[in-house]
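Me: I am new to this structure. Please walk me through it in short steps.

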Amino acid sequence: MDSDDDMHDANDVESMDEDFYSGEADDYYNSDNADVDDYEFVEDADADSDVFTARRHQQNYIILKEEDIRQRQENDITGVAGVLSIPRDAAITLLRHYNWSVSKVHDAWFSDEDRVRKAVGLLAKPVVEHPNLREFTCGICFESHQRDKIMSVACGHPFCITCWAGYISTSIIDGPGCLTLRCPDPSCGAAVGQDMINLLARKEEKAKYSQYLLRSYIEDNRKTKWCPAPGCEYAVEFAAGSEGYDVSCLCSFNFCWNCTEEAHRPVDCGTVGRWIMKNSAESENMNWILANSKPCPKCKRPIEKNQGCMHMTCTPPCKFEFCWLCLGAWTDHGERTGGFYACNRYEAAKQEGAYDEAERRREMAKNSLERYTHYYERWASNQSSRQKALADLHQMQTVHLDILSDAQCQPESQLKFIIEAWQQIVECRRVLKWTYAYGYYLAEYEHAKKQFFEYLQGEAESGLERLHQCAEKELHQFLDDESPSSNFNDFRTKLAGLTSVTRNYFENLVRALENGLSDVESHGGCSRAASSKNGGSSKASRGGGRGKGIASTRAGCSRTDDASHWSCDQCTYANARSATTCKMCQHRR
Amino acid sequence: MTSSSATSRKALSKIASNRLQKELVEWQVNPPVGFKHKVTDNLQRWVIEVNGAPGTLYANETYQLQVDFPEHYPMEAPQVIFLPPAPLHPHIYSNGHICLDILYDSWSPAMTVSSVCISILSMLSSSTVKQRPEDNDRYVKNCRNGRSPKETRWWFHDDKV
C-alpha cells in the first residue's frame, strides 16, 4: 500500500525513526515511569536525560539479509553437529525439529538421547539387517535389484535408487513437508536427511529443498520473522523481552514485530487486527448494501435508489419493473391498489408486521455504518496525507533544499530543520491515523475518556496542522526570494520550535493512549473536570491557543503546579521554573 | 464419478503399470481376508468387494470399493471411495468419500492396495455406531460436480474409529 512511496525514501525514513522517539527529554522505550509523568514530564526531564541518552541507540532487533541467514544457520548446524558428535544432516534434522533452538536441542539431547532419537527418527542402528544378500526386493516397485542399486537410510529398509528418487521428488514438489521426510516404510520413522536428498534429487529439487530449509530457519524460529513488505527478502531477529514492537526494515518498511502489520503505535495489535479486518471485510459493504439498497425482486441484484419515484426498472438484461416500496411487480400497481404513487400494499404489509424486521435491520445497519464511516474517512485521509507528506519530504530533499540553499545563502547542513519538520509530519500523520482506529473502539460508555481522547486528538490535529501549514506554505515564499530574506532566521526558529513541540505532544499522546488514558481514572474528579471543561472549550481553544502542550493543559487542573512552571511565549511549552530558556525552542524567558 | 474426471486422468506410467501387475499377482495368490477383487481388464480402476467382519456392526454386509490409480502410482496415493450405497460410518460420507489419513497425507509408496483394504476394514470394524459424519451434508454439497476426495483438505481429528 505505502511501500511504493516508501521505497525511494529508504534512508530518510530510517534515519528518522532512529532518533524519533528518543528525544532528550523522554525515552520511547521507557514506559515504566510513564504513567506517573505522562503529562507532567517536564520536571523529570533534566534528571532523566542522561540515562535516556545512553539508551537511545539501543536497538532490540537485527535485520538479516540472505547471506546473514545462511551464515547463522550454518553456524548453528556445525555447532550442534560438533557438540553432539553427530553428522551434519542429523544436526539439521534435530535443529528443525526443535525449531532451530540450539539450547532446546542441547537440553533435550542431553536429558534423554534415546527419546530424542526416536522422536526425530535418528536411529542409532538399523532395524533390518541382511548383510549377505546380493539381491534385494525394492519395497516400492517390488522388483529385484542388485545390491548396488539399492539404498536405505539408517533403518535399512531397502528401496531402489529409482524409487528413492521418485519418492524424494514427489515430496519436494509437495512443499516444505519434505524437510521432515521419513523412510517410505509405513511402520518406520527413520529420518531422510539432506545427504540423501543431495545424492538423489535433481538440481532444481535440491535448490528448492535448500530454499525450504532457509525459510524454515526463519519461519520456525520464534525469534525471527520475514519482513512482511511485498518483495522484501530481509528477515528480522527480535530480542525477546524487549519493549516496543516497532521494527524498521532496511527496505524502509516499518512494521510491528508482534502482529506484522504496519507500525501502529499507539494502538494495540488486537485493535489493529480488528480494524484491518473491518476495513477489508465485505461486511461493511454488506451493511451499506443492506442500508441503502434492496435486491431486485427478480434477478436479486442489489439496487440503489438515489431519488425519484417508486417505479423502478432494473438494469438490462433484467429490466424488471417493480415498486420500490413493496417490491411487487409494477404491473400490479394501478387503480386497484390505490394508484401508482400511493402503494397501499406497503402500508398494509407494514401494519401486519411483514416488513418490520427487514426495515429495522436496515435502520440499524445505517447507524453503525455512519459511525464507522466517520472514523474510516479520517483514518484514510490521514493515511493519504501521510503519503503526500512522504512525497513532499522526498521533493524537499531532492529539489527544494537545493533551491533554498541558493536563495537564502545557507549551507544545506543549516537547513536540516526543514527535513526534520517533514519527517515529524510523516510520523505524526501515521500516529494520527491510528488514533481514529483507537477512537472507533473506545467504549461509548466511557464518557470521560472519550471526551478527553477527543480533546487530545483535536489538539493533535490542530497542532500538526499548524506545523504542516508552516512547513508547506510559509516555506514557499523563501524559495522565490531573489536575495536572502531577513525573516528566514525567524522562520527557522518558528519551524524548529513547532517541530519540537509537536514531537513532544505526539510522544505524550502515544504514551497516554498506550496507557489506555489511565489518567482519566486515576486522577478521578479532577481530570474529569479538566477534561470535560477542555472538551467543551476545545473548539474555541483550537482557534486561539492552538497546539498547546498537554502539560500546560493539565496545569489547569492542578493549580499548585502553576507556580513551578512557566509557559513559553513562542511555543507555549510549559518549562520548569528554574529554566531560563525554553526547553523546546530555546526561546529566552 | 463423472466421465470428465475419468477421461482427464492420465494413463498409468510404466512404473505404475509394472507395480500394479505385481500387486495383482500377489493379490491373486494371497488376497486379504474379507475382500474380493472383481476382475476386469482395466488395471487403472479396481473394484473390490468388502465383507463386513463377523462380530462387528457391519457383519453380513457387503460394500464395494472403487480404487483409481494415478499416473504416478505409487508415488501418489490411489483414490479410494465406496460405491453407493456407502456404509454408515462416522468417517464415511454418503457420497462414498472416506476420511482416512493414509489415503491422503500419510500415504507412502510402500503401501499397497492390500494394506489399504486392511486399514479400511479395520476402520469399519472398530466403529461403535452406524452414523454419517457430522458435516456430511455440507461436505457432500461441496463435492458436487464429481470432485475427487484427493482435492479435499482433510482434517484427521479422530484416530479412535
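Reply: This is a predicted model.

Me: Which three residues supply 45% of the area that chain A buries against chain B?
Reply: The contact takes 14 residues from chain A and 12 residues from chain B. On the chain A side, three residues give more of the buried area than any other three. They are A:Ile140, A:Phe142 and A:Pro186.

Me: Which side chains meet in a salt bridge at 3.9 Å, N to O?
Reply: The rule finds 1 salt bridge across the interface of chain A and chain B. The cut-off is 4 Å from a Lys or Arg side-chain nitrogen to a carboxyl oxygen of Asp or Glu. At 3.9 Å, the pair is B:Lys22 and A:Glu143.

Me: Which helix gives the most to the side of chain A that touches chain B?
Reply: The interface also has 2 residue pairs in polar contact. On chain A's side, one helix gives 5 residues. That is helix 9, residues 161-174.

Me: Is B:Cys99 buried or exposed?
Reply: An unreviewed UniProt entry places the feature "active site" at B:Cys99. The residue lies in the loop between strand 4 (79-83) and helix 3 (113-125) of chain B. Buried means under 20% relative accessible area. B:Cys99 has 12% relative accessibility, so the residue counts as buried.

Me: Which residue caps the N-terminal end of helix 12 of chain A?
Reply: Helix 12 covers residues 269-280 of chain A. Its buried residues include A:Cys269 and A:Trp275. At its N-terminal end, a side-chain oxygen lies 3.1 Å from the backbone nitrogen of A:Gly270. The capping residue is A:Asp268.

Definitions and conventions: Residues numbered from 1 in each chain as written. Chains lettered and ligands numbered in written order. Predicted model: local features only at pLDDT ≥ 70, side-chain atom pairs only at ≥ 80, totals over all residues. Heavy atoms only, no water. UniProt positions renumbered as here; feature names shortened; annotations may be inferred. Helix = DSSP H or I, 4+ residues; strand = E, 2+ residues; numbered from the N terminus. Buried < 20%, exposed > 50% of the residue type's maximum accessible area, 1.4 Å probe, protein only. Expected span 1.5 Å × (residues − 1). Polar contact = N/O pair within 3.5 Å; in protein donor to acceptor, adjacent residues only side chain to side chain. Contact = heavy atoms within 4.5 Å. Buried area = accessible area lost by both parts, 1.4 Å probe.
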